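Hello,

Here is the structure I promised to pass on. Please open it first, then read the notes below.

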Amino acid sequence: MRYEIQGETLPVVICHLEGGEKMITEGGGMSWMSPNMKMETTTNGGIGKAFGRMFSGEKMFQNVYTAEGGTGMIAFASSFPGSIKAYEIAPGQEMIFQKSAFLAGEAGVELSVFFNKKFSSGLFGGEGFIMQKISGYGTVFAEFDGHIVEYELQPGQQIVVDTGHLAAMTATCKMEIKSVPGVKNMLFGGEGLFNTVISGPGKVWLQTMPISNVAGILRPYLPSGS
């Protein structure tokens, strides 16, 4: 499979498949394709994995697209102004994505739910609690909000992130959700009640424009319901 990512503000990844190669995405993920791409809707691993994907922000069913009778082409566009990144997945090279980041991937890629070990803190940690774990093998494409900044953390090195800005990290990183210290800071600091602390070793990708922040900014300008 060959691919190219085009566009900046609203990018698209265009995948070129050899005959018999497959791509997976959630329902509605396909943007355009050649006519020889055959679609099949499946739980892709059984009902248990389907529920796991649902909890991680994806739909229960996935669509599998296969190039039949020769080479094929299929494109997956982002749904929000931001970035599309490609990652190579293999045993020992698993990734953790923000909720709903998975866009598409080769057929050997597996998507499951990732829980923070500290369940109680996760209940109050906002977006950072339930995330997606990507394992298996193959290329996977993820869509993130806004521009992406990448850091590589050394063993024991940490970075403190406002929860919604965490886009992805390698599975070697550790994540902990901590409350903002001090009652005055929590009530009047304007930064929310919780932060996410990422510890190395590994890489972390941060997004500049979380969709939750955009929604919060727009809310005062939207008409209220009756």
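**Aromatic pairs**

Searching the whole structure turns up four aromatic pairs. Rings of Phe, Tyr and Trp (its six-membered ring) pair if their centres lie within 6.5 Å; planes under 30 degrees apart count as stacked, over 60 as edge-to-face and the rest as tilted.

Take Y3 and F141. Their ring centres are 5.0 Å apart and their planes meet at 75°, so this pair is edge-to-face. Y3 sits in strand β1 (residues 2-6) and F141 in strand β13 (residues 138-145), so the pair ties together parts 138 residues apart in sequence. Strands (E, at least two residues) are DSSP runs, numbered from the N terminus.

Are these two residues buried or exposed? Y3 is partly exposed, at 36% relative accessible area. F141 is buried, at 0% relative accessibility. Buried means under 20% relative accessible area, exposed over 50%, and partly exposed in between (1.4 Å probe, protein chains only).

Now F97 and F144. The ring centres of F97 and F144 are 6.0 Å apart and the planes are at 80°, so this pair is edge-to-face too. It links distant parts of the chain: F97 is in strand β9 (residues 95-97) and F144 in β13, 47 residues apart. F97 is buried at 0%, and F144 is buried at 1%. Both belong to one aromatic cluster, formed by Y87, F97, F144 and W205.

A word on the source: this is a predicted model, where local features need pLDDT of at least 70, side-chain atom pairs count only at pLDDT 80 or more, and totals for chains, interfaces and linings use all residues. Residues are numbered from 1 along each chain as its sequence is written, and side-chain values use heavy atoms, with hydrogens and water left out.

**The strands around them**

Strands of a sheet pair through backbone hydrogen bonds, either parallel or antiparallel. Two strands pair if DSSP finds at least two bridges between them.

Start with β1. Four strands make an open sheet in the order β1-β2-β7-β4, with antiparallel pairing. Its edge strands are β1 and β4 (32-33), each pairing on one side only. Five bridges join β1 to strand β2 (residues 12-17). R2 has H16 in β2 as its bridge partner.

Next, β13. Eight of its eight residues are buried. Strand β8 (residues 82-89) pairs with β13 in the antiparallel sense over eight bridges. There, E88 has T139 in β13 as its bridge partner. Strand β10 (residues 102-106) is also antiparallel to β13, with three bridges. G105 has V140 in β13 as its bridge partner.

Best wishes
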